[in-house]
Structure formats: C-alpha cells, structure tokens
Amino acid sequence: MFQEVEKYKSLDFFARQVVEGFITGLHRSPFHGFSVEFAEHRLYNTGESTRNIDWKLYARTDKLFVKRFEEETNLRCQILIDHSSSMYFPIENQGNYSSPNKLTFSVYAAALLVELLVRQRDAFGLTLFSDQIDLQTDVRSSTAHQRYLYSLLEEQLLPVQPDKMEKKPTSIAPCIHLLAEKLHRRSLVVIFTDAFVRPEEHEALFDALRHLRHCKHEVMLFHTFHREKELNLAFGNKPCYFIDMESERRLKVYPQEIAQRYRENMERQVETVHHHAVQYHIDYIPVDVNQGFDQIMQPYLLKRSRHY
C-alpha cells in the first residue's frame with residue numbers, strides 16, 4: 001500500500017516506528033505544556049517531579065518553588081486536514097510516502113502527531129474538511145480512539161483515478177469559523193491545507209485564523225504546496241493543458257510565457273499567509289511536499305522541542 005514503506009502495513013505501526021526515530025535523544029516533548037499558561041508559584045514538596053521547578057527563582061531566594069499553570073490537565077489537540085480535490089496534487093503521488101502529494105503528507109504527519117500525543121497521554125481529535133466539515137471526531141486519548149483515527153486516515157491514502165475522483169471545492173474560512181465555535185475548551189489546533197483561495201478570500205481566511213486565536217486556541221499551520229510545479233510552474237516550454245482539480249476548468253497556455261508573473265503572484269500569496277500567521281502568533285510551517293516527509297517533519301520537531 002505504501003510502496004517504499006510496505007513493511008509498515010498500517011499507519012499505527014508506521015507512526016510508532018517513526019516516532020521512535022524522531023524522539024530518540026530528546027529530553028523534552030515538542031508539545032508538552034503548549035496549551036497551558038503560568039498562574040502562580042507554590043512551594044516544592046519533597047519527592048515530587050522537579051520538572052516545573054523555577055530554578056531562576058531558586059537562585060534568587062534559595063528556596064524551591066514550582067510553577068503552577070492555569071490548566072494542569074492534558075493537552076487537547078484537534079487536527080484539521082483539508083481533503084479538497086486540490087490536496088491530491090500531484091495525484092500520481094497519492095499514498096507515496098517517499099514522494100508524497102499534499103494530502104498524503106498531511107495524513108502521515110497527522111499520524112505522527114497522534115502517536116506523540118498518545119505517548120504524552122494527551123487527547124486528540126480529527127476533522128476533515130473541504131467546502132464543509134465532512135467529518136469531526138470526539139477528542140479522546142484512548143488507544144481505541146487512536147486506532148479509529150488511523151483507520152479514517154488510511155482511507156485518505158487510497159489511490160484514486162483522476163477521472164473518477166470526487167470533485168471537492170475548498171471553503172476554508174467557514175469551516176475554521178465553525179470549528180472555533182465548537183471547541184469549547186482551549187486546544188491546540190493543527191491545520192493542514194494548501195490555503196489555495198482567491199485573493200479576495202484571503203481576508204476571510206485571516207479572519208478565521210484570528211477567530212481561533214481570539215478563542216485562546218494555539219494554532220499550528222502546515223501550509224502545503226509543491227514548489228516546483230505549483231509555485232514555479234516548471235512544466236517546460238511546450239503548450240500544456242492545466243485542469244483545475246476542483247472545478248475541472250481547462251486552460252491551455254505556454255508555461256514559460258507566464259512563468260515569471262505567475263511565480264511572483266504565488267510567492268506573494270505564500271508570503272501573505274506567512275506574514276499574517278506570524279502576526280497572529282501562529283506557528284507557521286511551510287511544507288514543500290517535493291522535499292519528502294522526513295526532511296520536513298524531523299527538523300521541525302527537533303527545533304520545536306528546543307523551545308519547550
């Protein structure tokens with residue numbers, strides 16, 4: 001099913017194996033404490049964990065104090081995956097781990113994050129959306145829930161034929177607004193999307209992201225794209241038919257005649273999304289799927305682990 005990773009047989013086994021490789025040698029989780037806020041200090045009790053001792057305060061007072069947080073319950077994480085038709089690009093790479101398309105990368109990354117959350121005994125849920133919320137699970141932390149989510153994710157890896165693929169348009173902003181209303185407890189929200197919206201819809205997308213932050217959710221945005229083809233239009237100097245995967249609209253052009261202006265527009269769009277994400281304190285991760293899964297996720301998790 002997974003070609004180069006055929007030995008894994010399932011997302012469950014794949015995620016466990018990959019996590020072992022990612023967290024070997026790490027002393028801190030890349031997610032622990034992400035959704036809690038400092039509230040006050042209390043005296044340290046002999047025998048309890050030293051993890052939350054405020055050592056700077058100890059240096060000033062020569063007494064051991066522990067940081068207390070507003071929420072000391074497990075982290076709650078909602079993983080959102082855009083599974084609209086454009087996320088299947090390049091469609092020939094559907095289900096290919098070593099050279100994934102946008103949806104395949106999102107599925108493997110989501111499975112990896114779920115495995116990390118399970119090991120921390122944190123709760124997690126899955127949302128699949130296109131022009132509407134197509135699926136939303138409860139947020140739970142059990143291994144049975146983990147297996148259920150993996151079965152849902154594996155369905156997204158099934159190969160599809162271009163002429164038989166269901167055409168699903170994208171409507172990101174309304175889905176995020178609806179989710180923000182449904183999440184009643186502060187959560188970590190992880191979004192996988194190519195953010196392909198018309199320029200006039202950008203403000204609506206940014207309003208939706210602001211809505212999540214206004215509700216005090218932490219947000220990670222994995223912005224997926226295929227840089228060579230989707231951003232650089234590297235199709236050679238020959239006439240090509242471009243087909244919109246969501247509307248099936250066809251356009252015949254010579255790529256090199258429009259490549260420069262196209263690249264400038266696409267880079268501007270990516271930079272705009274990046275700029276607003278930073279402005280709203282959203283953890284922005286650009287994902288060029290052509291780099292492969294390992295080359296993106298491992299450096300990111302290693303970098304993130306150093307901050308917590």
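**Rings, a buried loop residue and a kinked helix**

Mentor: In this predicted model, ring pairs join Tyr97, Phe105, Tyr108 and Phe293 into a cluster.

Trainee: What makes the pair of Tyr97 and Tyr108 edge-to-face?

Mentor: A search of the whole structure finds 8 aromatic pairs. For Tyr97 and Tyr108 the ring centres are 5.2 Å apart and the planes stand at 75 degrees; rings pair if their centres lie within 6.5 Å, and planes over 60 degrees apart count as edge-to-face, so the pair of Tyr97 and Tyr108 is edge-to-face. This pair links distant parts of the chain, with Tyr97 in the loop between β3 and α3 and Tyr108 in helix α3, 11 residues apart.

Trainee: How do you know whether Tyr97 is buried or exposed, and likewise Tyr108?

Mentor: The cut-off for buried is under 20% relative accessible area; Tyr97 has 11% and is therefore buried, and Tyr108, at 1% relative accessibility, counts as buried too.

Trainee: Why does Asn101 count as buried?

Mentor: Asn101 has 0% relative accessibility, and so it counts as buried under the 20% cut-off. Asn101 is placed in the loop between β3 (76–82) and α3 (102–119), and beyond residues up to four places away in sequence it touches several others, among them Met87, Phe89, Pro90 and Val289.

Trainee: What joins the side chains of Asn101 and Gln94?

Mentor: A polar contact of 2.8 Å joins the side chains of Asn101 and Gln94, a value that falls within the 3.5 Å limit.

Trainee: What is the reach of helix α8 from its first C-alpha to its last, and where is its kink centred?

Mentor: Helix α8 (residues 255–279) has 25 residues and reaches 34 Å, close to the 36 Å expected at 1.5 Å a residue, while a kink of about 35 degrees is centred on Arg261. The buried residues of α8 include Pro255, Met266 and His276, and among the elements that cover its buried residues are α6 (202–214), β7 (218–225) and β10.

Methods
Residues numbered from 1 in each chain as written. Predicted model: local features only at pLDDT ≥ 70, side-chain atom pairs only at ≥ 80, totals over all residues. Heavy atoms only, no water. Helix = DSSP H or I, 4+ residues; strand = E, 2+ residues; numbered from the N terminus. Buried < 20%, exposed > 50% of the residue type's maximum accessible area, 1.4 Å probe, protein only. Polar contact = N/O pair within 3.5 Å; in protein donor to acceptor, adjacent residues only side chain to side chain. Contact = heavy atoms within 4.5 Å. Phe/Tyr/Trp six-rings, centres within 6.5 Å; stacked < 30°, edge-to-face > 60°. Expected span 1.5 Å × (residues − 1). Bend = angle between axes of the 7 residues up to and from the residue.
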